[in-house]
Amino acid sequence: MDIESIISQKNAGHEVTETDLNSIENSLGIKIPSLMRDYYLRYNGAWVKTIYAKGIDGDIYGLHGISPIKYKNKPAGNNTFVPDDSGIGEFEQYVEWNRDYDVVVSNRLVPFAYDEGGEMYYWQAETTAVYYVLSEDIDNAKRVFDDLESFFQAFCDAVRLKESLEDNKPKESIEELEKNCWD
């Protein structure tokens, strides 16, 4: 699996260390799965490509962002952002905001990513199964990927498929290909 394929831009200044991750685990009372630890150590704060992939239920799900650990993005003008480590980071903020929802607590869900509409993905603490929760229907978590690995694999595969389709797309119009100018 090439997680790098889902990254659209790495952002300097968001780097975290094992010590940072351990501190966040201790302060939030959660365990960050090894795949997510690796992701955060390599790509924390990176922007991901907006991608769509099929979940285990056959429905299509979008990925627009993975919440950075320790930092949040602060607007810097001209449609640019800089890392802001004052206060709590985006990941920590989402975990705190979700602590009072029964479905999150009872299923031991940890928010970590979101789609273009701001709907959230959560990993389950024990199994790393990935759930999707609509903001207007927070009480109904829907299991959409068997685990974090299949979540990332589905989106990496979607990028590869899209690139393959782009590579095979004709470089010429139908008129040029058929050498027949239509009126």
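Two strands are taken to pair if DSSP finds at least two bridges between them. The legends below describe close-up views of a predicted model.

**Figure 1. Pairing of strand 10 with strand 11.** Strand 10 (130–133) and strand 11 (142–145) pair in the antiparallel sense, with three bridges between them. Within this pairing, Tyr132 has Lys142 of strand 11 as its bridge partner. The loop between the two strands contains Asp139, which is exposed, with a relative accessible area of 54%.

Figure 2. Strands of a sheet pair through backbone hydrogen bonds, in either a parallel or an antiparallel arrangement.

Figure 3. Strand 3 (residues 51–54) runs antiparallel to strand 4 (residues 60–63), and four bridges join them. Ala53 has Tyr61 in strand 4 as its bridge partner. Five residues lie between the strands of the hairpin, in which Gly58 adopts a positive phi near 90°.

**Figure 4. The salt bridge between Asp59 and Lys142.** The side chains of Asp59 and Lys142 meet in a salt bridge at 3.0 Å, N to O. Asp59 belongs to the loop between strand 3 and strand 4 and Lys142 to strand 11, so the pair ties together parts that are 83 residues apart in sequence. Asp59 is partly exposed, with a relative accessible area of 36%. Lys142 is likewise partly exposed, at 35%. Lys142 is also the bridge partner of Tyr132 in the pairing shown in Figure 1.

**Figure 5. Helix 2 and the residue that follows.** Helix 2 spans residues 34–43, and its buried residues are Met36, Arg37, Tyr39, Tyr40 and Tyr43. In an α-helix there are 3.6 residues a turn, so residues three or four places apart point the same way. Just after helix 2, Gly45 has a positive phi of about 80°.

**Figure 6. A network of salt bridges that includes Arg37.** Ten salt bridges are present in the structure. Glu18, Glu25, Lys31 and Arg37 are linked in a network of such contacts. One of its pairs is Lys31 with Glu25, whose side chains meet at 3.9 Å, N to O. Lys31 is exposed, with a relative accessible area of 59%, whereas Glu25 counts as buried at 8% relative accessibility. Arg37 is among the buried residues of helix 2.

**Figure 7. The salt bridge between Glu96 and Arg99.** The side chains of Glu96 and Arg99 meet at 3.4 Å, N to O. Glu96 counts as partly exposed, at 39% relative accessibility. Arg99 also counts as partly exposed, at 36%.

**Figure 8. A surface patch of negative charge.** Asp100, Asp102, Glu136, Asp137 and Asp139 gather in this patch. Asp139 lies in the loop between strand 10 and strand 11. With a relative accessible area of 54%, Asp139 is exposed, because a residue is called exposed when its relative accessible area is over 50%.

Technical notes. Residues numbered from 1 in each chain as written. Predicted model: local features only at pLDDT ≥ 70, side-chain atom pairs only at ≥ 80, totals over all residues. Heavy atoms only, no water. Patch = residues over 30% accessible without salt bridge, like charges linked within 9 Å, V, L, I, M, F, W, Y side chains within 5 Å. Areas by Shrake-Rupley, 256 points an atom, 1.4 Å probe, with all protein chains shown as cover. Salt bridge = Lys/Arg side-chain N within 4 Å of Asp/Glu carboxyl O. Lys, Arg positive; Asp, Glu negative; His and termini not counted. Charge placed at Lys NZ, Arg CZ, Asp CG, Glu CD. Buried < 20%, exposed > 50% of the residue type's maximum accessible area, 1.4 Å probe, protein only.
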